[in-house]
Amino acid sequence: ERFLQESGDRLVDDGINRRLHDWTQQQLTVRSPATITKDLSIILACLRGGVKARGLSVLVHKPAIRSEEAKQRVVLTNAELEALFAQDMPEYVRCAFVAALTLGAIISEIHSIDPSTTGSVDGCLIVRIEDGKTKHRRRSGPLPWLARWVSPSVGSDRLQKIMNERIKVVNPEASPYSLRHTFAHAHAVKHTPDVVQAQLAGW
């Protein structure tokens, strides 16, 4: 959709390769190569499928993307997590951190949790995340460290800033999104089945 919005309707001929190249170079100025590579896999599959289905003599090339050394994802240690949760904070911030760590929830997902839809199983709080980036990100999950869910009393940007300030106290390289990576790392170490991880974090 991003590619179509910026390209508009155009004839699929050899000129499509120039358009793909130009679009890729423009995207590299604002987005990461890994993200653009994922987008291109979808775009190329659609274009090549269309070319094949219509018997066109057009060869669609994948644009070259500069390689860059992958950045190590920041994963918080147990000591850093203990220091994070030892900080004095409003209950809604603590709830947000628990959801980020336990369900890999991002800021928009945390904001989508409605206290009226929460429940419990054997005394464990269960919350529903409705505002996922994809349909697979809509999910229910347990928050065993919380007695009840307290919704953020601030907007998304403010919550992001509050969480960011607190997490950088324990690790200057970390961000709230690092808790999603920490979630994945912890479950990988424990050999949690992939399907369970996907159900919890919406992969």
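**Notebook: helix α5 and its neighbours**

I started with α5 and helix α7 (residues 156–170), whose axes come within 11 Å and cross at roughly 80 degrees. For my own record, axes are lines fitted to C-alpha atoms, for helices over the stretch in contact, and angles run from 0 to 180 degrees between N-to-C directions. Helices (H or I, at least four residues) and strands (E, at least two) are DSSP runs, numbered from the N terminus. I label angles under 35 degrees roughly parallel, over 145 roughly antiparallel, 65 to 115 roughly perpendicular and the rest oblique. α5 and α7 are therefore roughly perpendicular to each other.

A note on the source: this is a predicted model, where local features need pLDDT of at least 70 and side-chain atom pairs count only at pLDDT 80 or more, while totals for chains, interfaces and linings use all residues. Residues are numbered from 1 along each chain as its sequence is written, and side-chain values use heavy atoms, with hydrogens and water left out.

**Who touches whom**

Next I listed contacts, meaning heavy atoms within 4.5 Å. From α5, Y92, V93, A96, F97 and A100 meet L159, I162, M163 and R166 of α7. That contact has 8 nonpolar, no polar and 1 charged residues. My classes: Ala, Val, Leu, Ile, Met, Phe, Trp, Tyr, Cys and Pro are nonpolar, Asp, Glu, Lys and Arg are charged, and the others, Gly among them, are polar.

Then I turned to α8 (residues 178–189): its axis and that of α5 (residues 91–103) come within 7 Å and cross at roughly 40 degrees. α5 and α8 are therefore oblique to each other. Here F97, A100, L101, T102 and L103 of α5 meet L179, R180, T182 and F183 of α8. I sorted the residues of this contact into 6 nonpolar, 2 polar and 1 charged.

**The sheet**

I looked up the strand order and found an open sheet of 3 strands, β1-β2-β3, with antiparallel pairing. Two strands pair if DSSP finds at least two bridges between them. β1 (119–121) and β3 (139–142) are the edge strands with a single partner each, so one side of each has no neighbour in the sheet. On average, neighbouring strands are turned by 35 degrees against each other, direction ignored.

β1 and β2 (residues 124–129) share 3 bridges. V121 has C124 as its bridge partner, and S120 stands opposite L125. In their hairpin, with 2 residues between the strands, D122 has a positive phi near 50 degrees. β2 joins β3 through 4 bridges, with V127 opposite G141.

**A pocket**

Which residues lie nearest the centre of the second largest pocket? I noted N78, L81, L101, W145 and A186, out of 17 lining residues. The search used a 1 Å grid over the protein atoms alone: a pocket is an open set of points where a 1.4 Å probe fits, with protein on both sides within 12 Å along at least five of seven lines, and lining residues have an atom within 4 Å of a point. The space in this pocket is about 440 Å³, a volume being the space filled by probe spheres set on the points.

α4 (78–86), α5 and α8 each supply at least two lining residues, and α8 gives the most, with 5. By class, I logged 9 nonpolar, 6 polar and 2 charged residues in the lining.
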